[in-house]
Amino acid sequence: MSVTEIPTPSSGWKIYEKIAVRTALIYAVISTIPFTPEFYLQDFNAGFNVNSYAFRWLDVISQNKPWFFASQEGKNYTGWFLTVLVCFAAGFIWNIVDKNRKNFESLYYWFYVAARYGIALRMSWFAWAKVFPVQMPFPTISQLNTNLGDFTPGKLYWLTTGVSPFFEVFAGVFELIATLLIIFRRTTTLGAIMMVSILLPIWFVNIGYDAGVELTSLHILSLSLLLLVRDGRRFWEILIEHKAVALTYIPKIVFPEQWKNTARLVLKGSFIALFIVYRGFGYGNLYASGKSFKLPLDSGLSGTNGLFSVSEFKVNNQTIPSTPGDTTRWQNVVFEKFNSISVKIDKPFKLNTKNSIRTTEYYGNIGRYYYGYKADTINKIFTLSNRADTASKLILHYEHPDDKQFVLSGINERKDSIYVVLKKIEKKYPLEEKRKY
């Protein structure tokens, strides 16, 4: 590729700097651009359930992760270190093969581009999901009726952030400003400093609460720090020695062919239009419709949401009394505003710790079974599918004589007949009441 080079003497770059910039460029590229065939062969709709929202494609791209992100529940530090070592080895070999290169400013420029857009690709997603607080939604009715001790620390962190939309929006605005600054060369340093101040506590929060995105935050933090490394000595002189020092200015590379310069501007404008403007518009619409990408998008049966006590419960026509420790009888039932029904049962649960798209109902907590349902309002039939185990289904006939009562009857997962009478409990929650003010 022919470009207008910026003249710099070869002595301006030490051997370790030459290897380092190549290593950093390789790391930034392979961790941003998906090279594995599995990424392109995946079902892009699976797990997102946002077929009516076109911006889901942007989310899929933003969530592309190096292989070590997904393994060991996002805590595969061994994989991360191995990847860094492989990048270093590749950078070392590249330095030997390309030993006659005299100018490294253009090479550094391409690292600068890859790192900046790799950060912006992911952080634009996190930022908009907080500006319009859909990443950490307000606790559902089911979660408000789950014992504190039934949550993992990570789930508690997500919920406590969700109860304060003001804080979540503030964090999102801060992240969005940093993302915008990092896209433009003249403000990249300020954006990278803001990113470090954002991501360092996020990384430690994920470690302390086991919140599930340790390596994601560490990865973006690493790229942000790499953008600042070159000026490390200058920061020391400015902040500690109080000297007047100019930070490094990274000029753009100018191609001799005008169409390439035009293409560069078009690509940058397209990135901003899609991942910043259009994504923000999409999340704004999602929030305005009362939805969240962490919770189901399909609305529930109108006028049914709330907490219900189980006043009568029969299995195979035998009445099961309410007894503490009983592993069969339902204790209470929640109808959410979306198409979920959760059932409190006093029995051992297998804890699910995989925090991914639309698992927020059952991820990180026990005590309740969560079912997605379809309601046949003509024949009065609920078809329930276990959210965590979609092969587990219930077919229940329902009667809904008024807003205060449900009568369910049908066959459970064990092929037993069940009969359940539910009565609505009018309950107020301090968290929700405070939210209204």
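This is a predicted model: local features need pLDDT of at least 70, side-chain atom pairs count only at pLDDT 80 or more; totals for chains, interfaces and linings use all residues.
Two strands pair with S4. Strand S3 (residues 330–335) runs antiparallel to S4 and is joined to it by five bridges, with a hairpin of four residues connecting the two. Within this pairing, Val333 lies opposite Val343 of S4. Strand S5 (residues 368–376) is likewise antiparallel to S4, again through five bridges, and here Tyr371 of S5 is the bridge partner of Ile341.

Turning to charged side chains, the structure contains 13 salt bridges. One of them joins Glu105 to Arg230, with 2.6 Å between the closest N and O atoms. This pair links distant parts of the chain, as Glu105 belongs to helix H6 (residues 105–131) and Arg230 to the loop between helices H11 (214–229) and H12 (232–239), 125 residues apart. Glu105 is buried, with a relative accessible area of 14%, whereas Arg230 is partly exposed at 29%.

Arg101 and Asp98 also meet in a salt bridge, at 2.9 Å from N to O. Arg101 is partly exposed at 25% relative accessibility, and Asp98 is partly exposed at 22%.

A further salt bridge connects Glu241 with Arg233, whose closest N and O atoms are 3.3 Å apart. Through salt bridges with shared partners, Arg233, Glu237, Glu241 and Lys243 form one network. Of these residues, Glu241 is partly exposed at 31% relative accessibility, and Arg233 is partly exposed at 49%.

Note on methods: Residues are numbered from 1 along each chain as its sequence is written. Side-chain values use heavy atoms; hydrogens and water are left out. Two strands pair if DSSP finds at least two bridges between them. A salt bridge is a side-chain nitrogen of Lys or Arg within 4 Å of a carboxyl oxygen of Asp or Glu. Buried means under 20% relative accessible area, exposed over 50%, partly exposed in between (1.4 Å probe, protein chains only).
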